[in-house]
Amino acid sequence: MSIYSFSFSPTGTSAKIMHGVIEGLSDVQDCNIICRDLTFRSVGDLELTDSDIVIAASPVYGGKIAPLVKQRLKGIKGNNARCIVIALYGNRAFENAVVDFASFMSDCGFKICGAAAFIGEHSYSTPCTPIASGRPDRQDIDDAIRFGAEIALRLKNCELREVDPTSLTDEPSPEEALLNFRNFVSAYQARQATDPVVILPQVDTELCDDCASCYDVCPTEAISPDRRGADPSKCIKCCACVKICPQGARIFNTPFAKTLSENFKERKSPRWIL
């Protein structure tokens, strides 16, 4: 039996949770664990067997898994291999991401035998507008290890069976916070309908020392070779370039950051089903 781990992780949150899950799986006997990073490359043509296990992790963008994940996994064939999907979200809500991920993997020929939602620092989080800042933290990693250990126990007891991913429900947010966010989104969409604005990461040329860290970390090659611009058709607003910049020269001024920071401060906890 082989266990494959796939993670798309521009800012490292999905990868940290996956590492914890893999640590929790360490007691699985006679097993080959194969880790694949989807951040910069696809899996290519990969055909599995029904004795294999896949654990796949993706950040949540707009209530669904990152669209690029589906592109990076499109060459995979499950052949009834078992699959566990993990969504990483920024402490607001994972919405349809888990079901979206599970449905995609099911269409690729997998049996969905587990699903989880963990929290990672939001792409839009900054020191001035913190949104799940620093997560996954030690508590989150311990939970990921525990999740991996539960998977290992199910495998040992031959109890890793299909589940209904729709049964994984989000932890409720305060009603006032949800109302505030809905009102903000409605107003924002109305403004965009009459005066659309494309927001991209900007560069403070006085701070930038041309180290090229941003260029190297971009998962879509959206940043221009001179590091001064970005292709709006490629940028997925993961903000990896912003978070990696050692000089703090890259900035992403989205109006969503303030409302997310103000309304979703209450710590949410990981949830999973097996």
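Reader: Start with the cores. Which residues touch the most other members in the largest nonpolar one?

Author: The model is predicted, to be clear. The largest nonpolar core has 38 residues, and Phe 6, Val 54, Leu 73, Ile 76, Met 105 and Phe 110 touch the most other members.

Reader: And which elements supply at least two residues of this core?

Author: They are β1 (2–7), β4 (53–61), α2 (67–72), β7 (82–89), α3 (97–107) and β8 (111–119). The most comes from α3, which gives six residues.

Reader: What does Val 54 touch?

Author: Not counting residues up to four places away in sequence, Val 54 touches Tyr 4, Phe 6, Leu 48, Arg 82, Cys 83, Ile 84, Met 105 and Phe 110.

Reader: What does the second core include?

Author: The second core is separate and has 26 residues, including Ile 53, Ile 55, Phe 118 and Ala 144.

Reader: Back to α3. Which of its residues are buried?

Author: Ala 97, Val 98, Asp 100, Phe 101, Ala 102, Phe 104 and Met 105 are buried in α3.

Reader: What do the buried residues of α3 pack against?

Author: Their packing partners are β4, β5 (64–65), α2, β7 and β8.

Reader: What about the backbone just after α3?

Author: Gly 109 follows there, with a positive phi of about 100 degrees.

Reader: Cysteines next. How many disulfides does a search of the whole structure find?

Author: The search finds zero disulfides. Cys 108 is in none, and the nearest cysteine sulfur to it belongs to Cys 83, 9.0 Å away. For Cys 113, also in no disulfide, the nearest cysteine sulfur is again that of Cys 83, at 8.3 Å.

Reader: Cys 108, buried or exposed?

Author: Cys 108 counts as buried because its relative accessibility is 14%. Cys 113 counts as buried too, at 1% relative accessibility.

Reader: Aromatics. How many pairs does the structure hold?

Author: There are 11 aromatic pairs. In one of them, the rings of Phe 118 and Phe 147 have centres 6.1 Å apart and planes at 50 degrees, so the pair is tilted.

Reader: Where in the chain are Phe 118 and Phe 147?

Author: Phe 118 is in strand β8 and Phe 147 is in helix α4 (residues 138–156). They are 29 residues apart, and the pair links distant parts of the chain. Phe 118 and Phe 147 are both buried.

Reader: How are the rings of Phe 147 and Trp 272 placed?

Author: Their centres are 5.0 Å apart and their planes are at 35 degrees, so this pair is tilted. Phe 147 lies in α4 and Trp 272 in strand β11, so the pair ties together parts 125 residues apart in sequence. Trp 272 is buried, as is Phe 147.

Reader: Which residues form one aromatic cluster?

Author: Phe 181, Phe 184, Tyr 188, Phe 256 and Phe 264 form one.

Reader: And what sits over the ring of Tyr 215?

Author: The charged end of Arg 227 does, 5.7 Å from the ring centre.

Reader: On to helix α8. Why is it described as largely enclosed by the rest of the structure?

Author: The helix covers residues 256–263, and six of its eight residues are buried, so α8 is largely enclosed by the rest of the structure. Those buried are Phe 256, Ala 257, Thr 259, Leu 260, Ser 261 and Asn 263.

Reader: What covers the buried residues of α8?

Author: The cover includes α5 (175–194).

Reader: Take Ser 261, then. Why does it count as buried?

Author: The cut-off for buried is under 20% relative accessible area. Ser 261 has 7% relative accessibility, so it counts as buried.

Reader: What is Ser 261 in contact with?

Author: Leaving aside neighbours within four places in sequence, Ser 261 is in contact with Thr 129, Pro 130 and Ile 131. A polar atom of the Ser 261 side chain lies 2.9 Å from the backbone oxygen of Pro 130.

Reader: Last one. Where is Lys 265?

Author: Lys 265 is in the loop between α8 and β11 (271–273). Its relative accessible area is 65%, so Lys 265 is exposed.

Methods:
Residues numbered from 1 in each chain as written. Predicted model: local features only at pLDDT ≥ 70, side-chain atom pairs only at ≥ 80, totals over all residues. Heavy atoms only, no water. Buried < 20%, exposed > 50% of the residue type's maximum accessible area, 1.4 Å probe, protein only. Helix = DSSP H or I, 4+ residues; strand = E, 2+ residues; numbered from the N terminus. Contact = heavy atoms within 4.5 Å. Polar contact = N/O pair within 3.5 Å; in protein donor to acceptor, adjacent residues only side chain to side chain. Core = buried A, V, L, I, M, F, W, Y, C linked by side-chain atoms within 4.5 Å. Disulfide = S-S within 2.5 Å. Phe/Tyr/Trp six-rings, centres within 6.5 Å; stacked < 30°, edge-to-face > 60°. Lys NZ or Arg CZ within 6 Å of the ring centre and 35° of its normal.
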